[in-house]
Amino acid sequence: MAEMDTSSSGGKGKKHGGTKSKKQSTRVDMTPMVDLGFLLITFFMLTTTMSKPKTMDLIMPKDTENEKDQNKVKESTALTILLGKDNRVYYYEGLAQDPNASANPDFFKATSFANTGGIRDEIIKKRDEVARLRNAKGEPEDVVVIIKADDQANYKNFVDILDEMAINRIQRYATVDISDQDKKWIQSTEAANGVSSTPTPPAK
Amino acid sequence: MPKVKMPRKSTNIDMTAMCDVAFLLLTFFMLATKFKPDEPVTVVTPSSINTTLLPDSDVLLFTVDKDGRVFFSMDGQPKRRKLIEDLNTQYKLGLDEKEMRNFVVGASVGAQIKDLKQYLSLSEEQRKTAGLDKGIPTDSANGELGAWIDYGNAAQGTNLNKVKYCIKADNQTPYPKIKEILDTFKKKKIQKLNLVTNLEEAPKGTAAWEEQQAGGKKK
């Protein structure tokens, strides 16, 4: 082994009897070396990064001037998600192109990023609902999620909602500029719920 | 009286094993890790379930801190030198060799192009106290962020199609700032972007989670 104890073991060596050469110990004090080792470990642990950061692909659509090139989204397959301030999320089904829709008080709903009972459940519900619909060719429809971020929203919300798309394997989604009507709805919902309060639990 | 013999035990412990372990760990940490990149601002990135790794080379990285200041950085010293030389001639900044060298070996930069000469002549701390690290302006009026993208592209030379555009923004960065940056990229006809995130486990019971369970290594 690394350490050899060759120091004489006392007066028991009577068998040898003869010449007694003085043996020096080869034992080295390892303590400073261990100290140094751990010091370096600490240094490397603190100054380095273990894991490389991950990235999320984001593919932006081309700007299309031409109306005809733009994809039309069906009202029945769309889910619009709005990101508000203080990590609030609002959503409604469809595209809200019908101005009368807002007359229905249940139309515009608030929820949160919570793991259960949050926006994810709504996305899953809508996805499964839409998957049951059939298009003209008899194929299942794909849900289209429209993401609109308010000026009060932060980057975390934006990434979180994109992540929800990845988590729930939503193939088609788009980030769209928020409309004045949406802003108005957010404001009125906030006013109704009391702005400082925590996000309301999702409507069932 | 018979003497009670107390066996004398040495207080020396064999340190060899401990030493072995210490150096084993040391070797592991030296090989398995790399140094934290030097950054002008601390950015806490959001987490996502994506497992794609950030590539080491051919990256234009735009760091956005929580106040919305944008910093630019790029890998490869020859490329950085080309970039700063191009900027110098184009904008007539009159940078001297030392200031260019500062850019080439330095970390991220975030200043208006007109302030660049002063910015590069100062050290990191001096920049902070002088209030020069305002970030690259992102408004479309002066298009400086667009200029950085263009010059970054020009510096890549032949492998332009390999370049990845990464945005590393803080959790608290306001969304309008992100939108401005995304719009700038859109105008430059750059559609494929990478957002830098931390890894997070896919929540149980979701589609992504089931796929991970079923596929094992599948992303």
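Tutor: We begin with a definition: helices (H or I, at least four residues) and strands (E, at least two) are DSSP runs, numbered from the N terminus. Chain A has 4 helices and 7 strands by that rule. Their order from the N terminus is α-β-β-β-β-β-α-β-α-β-α. This is a predicted model, in which local features need pLDDT of at least 70, side-chain atom pairs count only at pLDDT 80 or more, and totals for chains, interfaces and linings use all residues. Residues are numbered from 1 along each chain as its sequence is written, and chains are lettered from A and ligands numbered from 1 in the order in which they are written.

Student: What makes Met33(A) partly exposed?

Tutor: A residue is buried if 20 or more other C-beta atoms, placed from the backbone, lie within 10 Å of its own, exposed if 12 or fewer, and partly exposed in between. Met33(A) has 16 other C-beta atoms within 10 Å, so Met33(A) is partly exposed. Met33(A) belongs to helix 1 of chain A.

Student: Why is Pro55(B) called partly exposed?

Tutor: Pro55(B) has 15 other C-beta atoms within 10 Å, and is therefore partly exposed. Pro55(B) sits in the loop between strand 3 (52-53) and strand 4 (59-64) of chain B.

Student: How many of the residues of chain A count as buried?

Tutor: 25% of the 204 residues of chain A count as buried.

Student: Why is helix 1 of chain A called roughly parallel to helix 1 of chain B?

Tutor: The axes (lines fitted to C-alpha atoms, for helices over the stretch in contact, with angles from 0 to 180 degrees between N-to-C directions) cross at roughly 25° and come within 9 Å. Angles under 35 degrees count as roughly parallel, over 145 as roughly antiparallel, 65 to 115 as roughly perpendicular and the rest as oblique. Helix 1 of chain A is therefore roughly parallel to helix 1 of chain B.

Student: Which residues of helix 1 of chain A and helix 1 of chain B make the contact?

Tutor: Two residues are in contact if their C-beta atoms, placed from the backbone, lie within 7 Å. Helix 1 of chain A contributes residues including Met33(A), Val34(A) and Phe38(A), and helix 1 of chain B residues including Met18(B), Cys19(B) and Phe23(B). The residues of this contact divide into 15 nonpolar, 1 polar and no charged. Here Ala, Val, Leu, Ile, Met, Phe, Trp, Tyr, Cys and Pro count as nonpolar, Asp, Glu, Lys and Arg as charged, and the others, Gly among them, as polar.

Student: What makes helix 2 of chain B and helix 3 of chain B oblique to each other?

Tutor: Helix 2 (residues 77-91) of chain B and helix 3 (residues 97-105) of chain B pack at an angle of about 135°, with their axes 8 Å apart. Helix 2 of chain B and helix 3 of chain B are therefore oblique to each other. Among the residues making the contact are Ile84(B) of helix 2 of chain B and Phe103(B) of helix 3 of chain B. By class, the contact of helix 2 of chain B with helix 3 of chain B has 5 nonpolar, 2 polar and 3 charged residues.

Student: Which element gives the largest share of the side of chain A that touches chain B?

Tutor: The contact takes 43 residues from chain A and 52 residues from chain B. Helix 1 of chain A supplies the largest share of the chain A side, 10 residues. That side of chain A has 22 nonpolar, 9 polar and 12 charged residues.
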